[in-house]
Amino acid sequence: MIEISHVYKKYKNGVNALYDINLSVDQGEFVYIIGPTGSGKSTLIKLLDGEEIPTKGSVRVVGIDVGKLRHSKVPVYRRNIGVVFQDFKLLPSKTVFENISYALEVINMKKDLIRRRVREVMNLVGLDDKGNSFPHELSGGQQQRVAVARAIANRPKVLIADEPTGNLDPAMSDEIMALLDKINREYGTTILMVTHDLTIVNRHRKRTVCLEHGHIAADLEEGGYVQHDQ
Amino acid sequence: MISSIWRPIKEGFRGVFRHGAMSISAAIAVTLTLIIISLFLIFTLNVNKFTQGIEQSVQISATVAYGRESAEEEDRISLAIQNIEGVDTVKYSSKADEFQYYLDSFSDEKTREAFRPFEGENNPMHDAFYVTVKDGKMLESVAKQIEEIDGVESVNFGGSSAVALIQMLRSIRVGGGILALALSVLAVFLIQNTIKLTIMARADEIAIMRNVGARNGFIRSPFLVEGVIIGAIGAIIPILFTIYGYKYVYKLTGGYLISAMFRLIEPEPFVRQISLALLLIGMVVGLIGSFFSVTRYLRWKR
């Protein structure tokens with residue numbers, strides 16, 4: 001599903017972000033990517049969603065060489081992956097329903113199909129009754145659930161979650177984790193979750209990849225990373 | 001499918017009104033540009049018409065030398081003139097015709113009477129050929145070639161001052177064209193900046209659209225519509241200016257400038273054609289401006 005081989009990333013300003021990264025993730029896996037600030041987590045995500053191009057090596061997702069995509073093909077590639085952000089990135093002027101349906105309108109899905117699919121994912125994330133609410137009327141956890149619903153509305157094969165619990169208190173974080181787990185199990189969606197919340201990593205044990213200074217410092221199948229230098 | 005056509009239009013209008021002040025300032029830039037272009041077009045097209053009129057009316061007169069007025073000689077000269085490239089028609093006029101024409105130019109009988117002694121044997125006029133050319137630009141070269149024909153005494157083409165005037169009007173036209181072009185570039189630039197602000201205001205939305213896989217064209221289309229709308233709004237005043245201004249000038253001058261030679265183009269359908277051209281130019285300028293702006297923004301990020 002995801003094949004990263006011998007990837008180096010050096011930014012134009014001279015910053016070396018990643019060195020010789022090799023990572024293989026199978027369909028249906030749930031992987032944590034952890035590491036301190038500046039360890040290259042964000043760069044790794046940007047390489048995966050096509051925002052950045054590797055300096056060396058190749059990034060393949062669902063069989064597509066992401067680094068070699070033409071600029072105009074990147075958006076179409078993105079339909080294969082859903083992304084959830086720490087700050088939710090919901091449109092404040094649109095209701096919950098509209099926020100989710102927007103992601104489907106953008107890819108020209110038919111109106112009636114959109115309506116059905118939006119109801120489906122709202123049910124999945126447990127927000128059936130919040131369709132007409134605006135984001136500011138919801139709690140942080142609920143907003144993040146809307147963001148998750150939007151990310152999976154299009155049935156992506158890969159879901160990338162960039163610090164999805166970063167702005168949430170522990171109870172809400174668990175809520176989101178349970179939701180991601182459910183999506184992973186029920187849809188077989190491959191999930192990559194970047195986090196530095198070690199409590200979560202230790203409580204919900206999954207394969208854990210630890211980045212440090214641009215290198216993969218550890219890749220633990222059984223998860224539960226404890227040792228951390230910071 | 002229908003919604004995919006209406007969406008950019010709806011969003012485009014929304015964008016224009018959301019940034020009303022910016023839209024207006026960009027539209028004003030378009031307005032100024034289009035007024036200049038309107039003046040330029042009216043001027044150029046009228047000058048074109050003058051030029052054509054003058055060039056068609058100007059003919060070359062070639063007089064035959066006194067000793068060479070035999071029928072054979074004149075046939076030879078006539079043929080030689082006809083063989084020059086660019087010559088349209090050649091008309092012969094005998095010295096008697098010439099004298100009569102000269103006499104007719106006086107309206108009072110007294111003067112005519114005074115010239116009577118020169119009629120017949122004493123006629124001082126020359127036999128002459130009147131030559132018209134196919135293209136006014138060839139006037140000078142044709143005249144020169146006629147002059148070189150053996151037996152031709154002198155060559156004249158009236159309106160050499162008119163030709164000089166046309167030359168001057170042409171250079172003014174080039175200057176006006178450069179000005180209009182420069183202003184168009186300025187208008188494109190201003191629209192580009194306006195659209196940039198609209199884009200910045202919607203940066204979050206665009207980022208989300210990109211994240212969920214919206215094609216560049218999908219993101220771009222509402223902004224293009226917005227640019228076109230601004231361009232069209234900017235064209236309103238220039239169009240009114242053209243229609244009423246030109247009609248007013250036409251009425252004021254009675255349809256011609258200085259002399260009947262400089263006849264103005266009839267206002268209908270002229271003003272309507274110019275208005276349509278202005279509207280199209282405004283919309284294209286808006287389209288180009290916003291296209292540059294959005295494309296640059298989209299290219300900036302993958």
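**Architecture of a predicted two-chain complex**

Chain B contains 10 helices and 6 strands. Helices (H or I, at least four residues) and strands (E, at least two) are DSSP runs, numbered from the N terminus. The model is predicted: local features need pLDDT of at least 70, side-chain atom pairs count only at pLDDT 80 or more, and totals for chains, interfaces and linings use all residues. Residues are numbered from 1 along each chain as its sequence is written, and chains are lettered from A and ligands numbered from 1 in the order in which they are written. Chain B has an average pLDDT of 82, and 94% of its residues score at least 70. The pLDDT is the predictor's confidence in each residue, from 0 to 100. For the complex, the predictor gives an ipTM of 0.80 and a pTM of 0.70.

Of the 302 residues in chain B, 29% are buried. A residue is buried if 20 or more other C-beta atoms lie within 10 Å of its own, exposed if 12 or fewer, and partly exposed in between; C-beta atoms are placed from the backbone. Contacts were also counted by sequence separation. Two residues are in contact if their C-beta atoms, placed from the backbone, lie within 7 Å. Among contacts in chain B between residues at least 6 apart in sequence, 87% join residues at least 24 apart.

Four strands of chain B form an open sheet. Their order is E2-E3-E1-E4, with antiparallel pairing. Two strands pair if DSSP finds at least two bridges between them. Strand E2 (87-93) and strand E4 (152-157) of chain B are the edge strands, each pairing on one side only. From one strand to the next, the twist averages 20°. Strand E1 (residues 60-64) of chain B is joined to E4(B) by 5 bridges, and the two run antiparallel. B:Ile60 has B:Phe157 as its bridge partner in E4(B). Helix H3 (residues 71-82) of chain B lies across E1, E2, strand E3 (128-133) and E4 of chain B. This helix runs at about 160° to E2(B). Axes are lines fitted to C-alpha atoms, for helices over the stretch in contact, and angles run from 0 to 180 degrees between N-to-C directions.

Elsewhere in chain B, the peptide bond from B:Glu268 to B:Pro269 is cis, with omega near 0°. B:Pro269 is placed in helix H10 (residues 267-300) of chain B. Most residues other than glycine have a negative phi, and most peptide bonds are trans.

Chain A has 7 helices and 10 strands. Of its 230 residues, 43% count as buried. Among chain A contacts between residues at least 6 apart in sequence, 66% join residues at least 24 apart. Strand E1 (residues 2-10) of chain A is joined to strand E4 (residues 56-61) of chain A by 5 bridges, and they run antiparallel. A:Tyr8 has A:Lys56 as its bridge partner in E4(A). A further 2 bridges join E4(A) to strand E5 (residues 64-65) of chain A, again antiparallel. Here A:Arg60 stands opposite A:Asp65. The hairpin of E4(A) and E5(A) has 2 residues between the strands, and A:Val62 takes a positive phi near 40°.

A:His6 lies in strand E1 of chain A. Although not a glycine, A:His6 has a positive phi of about 50°. A:His6 counts as exposed because it has 12 C-beta neighbours inside 10 Å. A:Asp20, in strand E2 (residues 16-25) of chain A, touches A:His6 and A:Tyr8, not counting residues up to four places away in sequence. The C-alpha atoms of A:Asp20 and A:Tyr8 are separated by 5.3 Å, although the residues are 12 apart along the chain. A:Asp20 is partly exposed, with 13 other C-beta atoms within 10 Å.

The largest nonpolar core has 105 residues. Such a core is a set of buried Ala, Val, Leu, Ile, Met, Phe, Trp, Tyr and Cys residues joined through C-beta atoms within 7 Å. Helix H9 (residues 216-253) of chain B gives the most to this core, with 10 residues. Another core, apart from it, has 12 residues, including B:Ile60 and B:Phe129.

Between the chains, 17 residues of chain A are in contact with 16 residues of chain B. Helix H2 (residues 74-78) of chain A gives the most to chain A's side, with 4 residues.
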